[in-house]
Amino acid sequence: MTPAARRQAAIEILDQILAGEPAEKQLTAWARRSRFAGSKDRAAVRDHVFDALRCLRSFAALGGGGGVDVIDHTNTTGRQLMLGALRAEGVEPDTLFTGEGHGPSALNDDERAALARVPELSDAERLDIPQWLWPLFSESLGDGVEAAGRALQSRAPVHLRVNRRHPDQAEAVARLASEGILAEPHPAADTALNVTEGARKLRNSLAYAHGLVELQDAASQAVIEALPLADGMRVLDYCAGGGGKSLALAARAKIDLYAHDIAAQRMKDLPVRAERAGVKVTLLEPRKTGAKAPYDLVLCDAPCSGSGSWRRAPEGKWRLSQSQLDTLCQTQSAILDEAAELVADGGVLAYATCSMLSVENRKQVDDFLARRSGWQLQSDHGWQVQGGSDGFYVAVLRRIGND
């Protein structure tokens, strides 16, 4: 495919996404229809689509669209997003929008007039944050709001967790390099590696197949390192999802580990992943956590806005609404109360999110402590995307009495 044809493919996919279709579904459907597209073509089209979703507001404004605050086809089009992308890159649109071959049609007079204007962007538009969310986002990030917004406009790094049951970091780096995958230590966690080259080779590598490394964000690993974990502890991963944190917990200490998720199908790959990693995780049925209680440590990686991982899933930024955020906060509060009942006297309740919004993080912890006696905050920590990882938060709460 020519560069122009790749842009046209992205335009067509973006139009479907703007009409309400999920991005991954549309990318998969396009790839199946387009057998002529090679792996580099598919990767390039995917990059164009996700770059446009990360920068929806600014690209729309630069490309002649207007008033974009959500994924919507009424105020912008895939064509305008690609025009905005080219303008942001400093590429002359006429070099690709020629109407030749399978590329986009030539610019019309209205488009030329729109591109001749220099739009005045607000901070929220310039940093690609929904307008309704901007006050909370800027308040939550404080002095880091500019750097965080910029980071969310870019592609997320690829991080690996070195399995403590296998080699150390240096050996893992060497094994990966022998397969054409270059990585270096990441400062967020002792087990974390940042992949600098060859990321697309990971899934088929021996290092991955043999359980030497797992794909996991560095801040997610740092959350596990922040927990007071010791051999012999009885531990519950209350919102296990795919089980990444369960595997990290099991690799860190010899513990009696249980994993639970209200949507059990999310854990369907966990047994295979655990076997590959050489660890044991017992899966519990939904709402059956009490049968194995009490636990020395309960980790709640709660459902959240995902604002710390919007680089990886940019649709979430534009599909989130105030009412959805309010519902998420209510769910987080309920999960904290439910999980607290499962913690042994003197045990630990750890609350984590992949969010950078204060209402989902410290405010939830403060509200929990205000409504329940017998708990003490031992520590909390937040990671922001401009630090080279996803945005994460974790609070460690100790049970010091009956509440």
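Let me begin with a definition: I call a residue buried when its relative accessible area is under 20%, exposed when it is over 50%, and partly exposed in between, with a 1.4 Å probe and protein chains only.

What we have here is a predicted model, in which local features need pLDDT of at least 70 and side-chain atom pairs count only at pLDDT 80 or more, while totals for chains, interfaces and linings use all residues. Residues are numbered from 1 along each chain as its sequence is written, and side-chain values use heavy atoms, with hydrogens and water left out.

Let me stay with Tyr295 and its aromatic partner. Rings of Phe, Tyr and Trp (for Trp, the six-membered ring) pair if their centres lie within 6.5 Å, and planes under 30 degrees apart count as stacked, over 60 as edge-to-face, and the rest as tilted. Under this rule the count is three aromatic pairs. One of them joins Tyr258 to Tyr295 in an edge-to-face arrangement, with 6.0 Å from centre to centre and 65° between the planes. Because Tyr258 lies in strand β6 (residues 256–259) and Tyr295 in strand β8 (residues 295–301), the pair ties together parts that are 37 residues apart in sequence. Helices (H or I, at least four residues) and strands (E, at least two) are DSSP runs, numbered from the N terminus. Tyr258, at 7% relative accessibility, is likewise counted as buried.

Both strands belong to an open sheet of seven, in the order β7-β6-β5-β8-β9-β11-β10, with mixed pairing. Since β7 (282–283) and β10 (375–383) stand at the edges, each with a single partner strand, one side of each is left without a neighbour in the sheet. Two strands are taken to pair if DSSP finds at least two bridges between them; β10 and strand β11 (residues 392–399) do so in the antiparallel sense over eight bridges, with Asp380 opposite Ala395 in β11.

Elsewhere, strand β2 (residues 182–185) and strand β3 (residues 192–197) also pair in the antiparallel sense, over four bridges, and they form a hairpin with six residues between them. Within this pairing, Ala183 stands opposite Val195 in β3.

Turning to the helices, I would draw your attention to α2 (residues 23–33), where Ala23, Gln26, Leu27 and Trp30 are buried. They cover an arc of only 100° around the axis, taken from the directions from the helix axis to the C-beta atoms, which puts them on the same side of α2. On the other side of α2, Lys25 and Arg32 are exposed. The buried residues of α2 pack against α1 (3–18), α3 (39–54) and α15 (315–319).

Gly78, in helix α5 (residues 78–89), is buried at 0% relative accessibility. Leaving aside neighbours within four places in sequence, Gly78 is in contact (heavy atoms within 4.5 Å) with Ile11, Leu14, Asp15 and Leu18.

Finally, the cysteines: how many disulfides are there? With a disulfide defined as a pair of cysteine sulfur atoms within 2.5 Å, the count is zero. The sulfur of Cys300 is 5.3 Å from the closest cysteine sulfur, in Cys239, which is too far for a bond, and Cys300 itself is buried at 0% relative accessibility. For Cys329, the closest cysteine sulfur is in Cys304, at 9.8 Å, again too far for a bond.
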